[in-house]
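Biologist: I am new to this structure and would like to go through it by question and answer. Please show it to me before we start.

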Amino acid sequence: MNIDLIFDPLFRLPFLTGLLLAVWLPVLGLYLRLRGEWLAVLGMAQLASAGALGGAVLGLPAVAGGASAGLLAALAKWGLKRPSDSAYAAMLLLGWSAAVAVMSNHPLAEQAAGAVFDGQLYFTGGGHLAASAAVLGIGVLVLVRAHRAMLRARVHPALGPPDAATRLAFDLVAGASVGVAILSLGVMASFALAFVPAWRVFGTAPSWRSALWRAIVIGLVAYVLGFVVALLFDQPFGPAGVVAVLLVARLAPPWRQRADRRAGALSAGGEIGKLD
Amino acid sequence: MRPSGSVLLRAQGLGVGYERPLLQGLDLQLVAGRVTTLLGPNGAGKSTVLRALGEPQLRLAGQLWQAPGLALGHLAQAAEGQAELPLCGRELLALTGASADGLPPWLADCLDARLDRLSGGQLQYLRFWSIAAAPFDVLCLDEPGNNLDARGLAALRAWLHTPPAGQAVVLVTHDDSLVDAARQTVIRIAS
């Protein structure tokens, strides 16, 4: 175990790349969960991984291949006649089959598969960092525009869904983000960062604003922990990242506000009043 | 805000439904500052009328005219989507641009609580308020009295007695205590 590795300039770029994704994926995961599409992340990730491996065979740069495959996966999701968990599970199975088939039949794809499945964050470069910054920046812009309509569609469905352009923009940015993330963090670490913090805060955060902050904090703490552990023990980032996200989310304290308890007390008082 | 007394929406011979008509030949005129109440048995198509005002595919016959730039607010009967959602009352109001001014004091205290921690009545009144106090021109209220206790019903009744001058209200209800024939235009729909 070499603690000096943590401060080695060689790992600064990979660390920053993962840091940006650790901020963005939990936020993206919250909005996907809001739409009941948390499984879509895994479906798109598997399709994107198959596309990225295909891109490697064709000699495309890894990040470009991943982002393009992610965009295609998003378009596949967009084109679903009846979006549902079953459809996303079918995407996942299809993506996995295609990825394994490509990987088994081409040595270049086999090499790229290491990055996609293990999460070889420490070998990422400037292209990965730029792509991560781009999906974060574009994603925030899309959410600033879509946030209100997406939440309103959940609590007041009778007011209608967000307009088609907004939904497509969100799906595309989600696909591109997943495509970039799997090539940096690995498929399952990307899924864990998008799924676990959102899962944890949905049941406990007192408001949407606090859910956003809380999910980001869980993602960041887990990422730093996973990065350090993987580096110190010379492991790929993927498994360390997944365990770190699960651990940090589990240890995150429940967050109940006084207003919640007051609302509960008022409601209980009302019931007693009725019984009287 | 529209001038009080102005006609905001007019329907003639309206037929609504899904694959086949549920209701036909409905004439309706919604006027700013006035409540129009639709009464009728279950399954008569009252809720479908409310939906059809904003969803052209549900209008199967007749003509519908709306004032230019009309904004329709719709409170659906069922409160869905709030369970396991980290959203507080203040954020719910912000989503529709509704103001908290005028909210009954027994609800104003709960604005910072999660929606799924509120009682059914608190949630229902807050849902109603998020539509009623938002800048919509026409308010379609489908059974807004659901789950409300006596205090909530009294507050809703008071609001219906003096609706905002610039907004037209169309109300669907089975609760007779919310119907005031002297102040509202009442339309009875046969099964």
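This is a predicted model: local features need pLDDT of at least 70, side-chain atom pairs count only at pLDDT 80 or more; totals for chains, interfaces and linings use all residues.

Biologist: Which residues of chain A does UniProt list under "transmembrane region"?
Modeller: The listing comes from an unreviewed UniProt entry, and such annotations may be inferred rather than shown by experiment.

Biologist: In chain B, in what order do the 3 strands of the open sheet stand?
Modeller: Strand 1 (residues 7–17) of chain B pairs with strand 2 (residues 21–31) of chain B in the antiparallel sense over 7 bridges, and a hairpin through 3 residues joins the two. Strand 1 of chain B also runs antiparallel to strand 4 (residues 59–66) of chain B, with 6 bridges between them. The order in the open sheet of chain B is therefore 2-1-4.

Biologist: Why is one side of strand 2 and of strand 4 of chain B left without a neighbour in the sheet?
Modeller: Strands of a sheet pair through backbone hydrogen bonds. Strand 2 and strand 4 of chain B each have a single partner strand, so one side of each lacks a neighbour because they stand at the edges.

Biologist: Which residue in strand 4 of chain B stands opposite B:Q12?
Modeller: Among the facing pairs, B:A11 stands opposite B:L28 in strand 2 of chain B. Towards strand 4 of chain B, B:V16 stands opposite B:R59. B:Q12 stands opposite B:Q63.

Biologist: Which helix of chain A gives the most to the lining of the largest pocket?
Modeller: The largest pocket holds about 390 Å³ of space and is lined by 16 residues, with A:R35, A:E37, A:P161, A:P162 and A:R167 nearest its centre. Its lining divides into 10 nonpolar, no polar and 6 charged residues. Helix 3 (62–78), helix 6 (126–155) and helix 7 (164–184) of chain A each supply at least two lining residues. The one that gives the most, with 3 residues, is helix 6.

Biologist: Is A:D234 buried or exposed?
Modeller: A:D234 is found in the loop between helix 9 (208–232) and helix 10 (237–251) of chain A, and its phi is near 55 degrees, a positive value. Most residues other than glycine have a negative phi. Exposed means over 50% relative accessible area. At 69% relative accessibility, A:D234 is therefore exposed.

Biologist: Is B:E143 buried or exposed?
Modeller: B:E143 is found in the loop between strand 6 (138–142) and helix 5 (150–161) of chain B. Its phi is positive too, near 50 degrees. Buried means under 20% relative accessible area. With a value of 8%, B:E143 is therefore buried.

Technical notes
Residues are numbered from 1 along each chain as its sequence is written. Chains are lettered from A and ligands numbered from 1 in the order in which they are written. Side-chain values use heavy atoms; hydrogens and water are left out. Two strands pair if DSSP finds at least two bridges between them. Helices (H or I, at least four residues) and strands (E, at least two) are DSSP runs, numbered from the N terminus. On a 1 Å grid over the protein atoms alone, a cavity is a set of points where a 1.4 Å probe fits but cannot get out, and a pocket is an open set with protein on both sides within 12 Å along at least five of seven lines; lining residues have an atom within 4 Å of a point. Grid points are joined across faces, edges and corners, and a volume is the space filled by probe spheres set on the points. Ala, Val, Leu, Ile, Met, Phe, Trp, Tyr, Cys and Pro count as nonpolar, Asp, Glu, Lys and Arg as charged, and the others, Gly among them, as polar. Buried means under 20% relative accessible area, exposed over 50%, partly exposed in between (1.4 Å probe, protein chains only).
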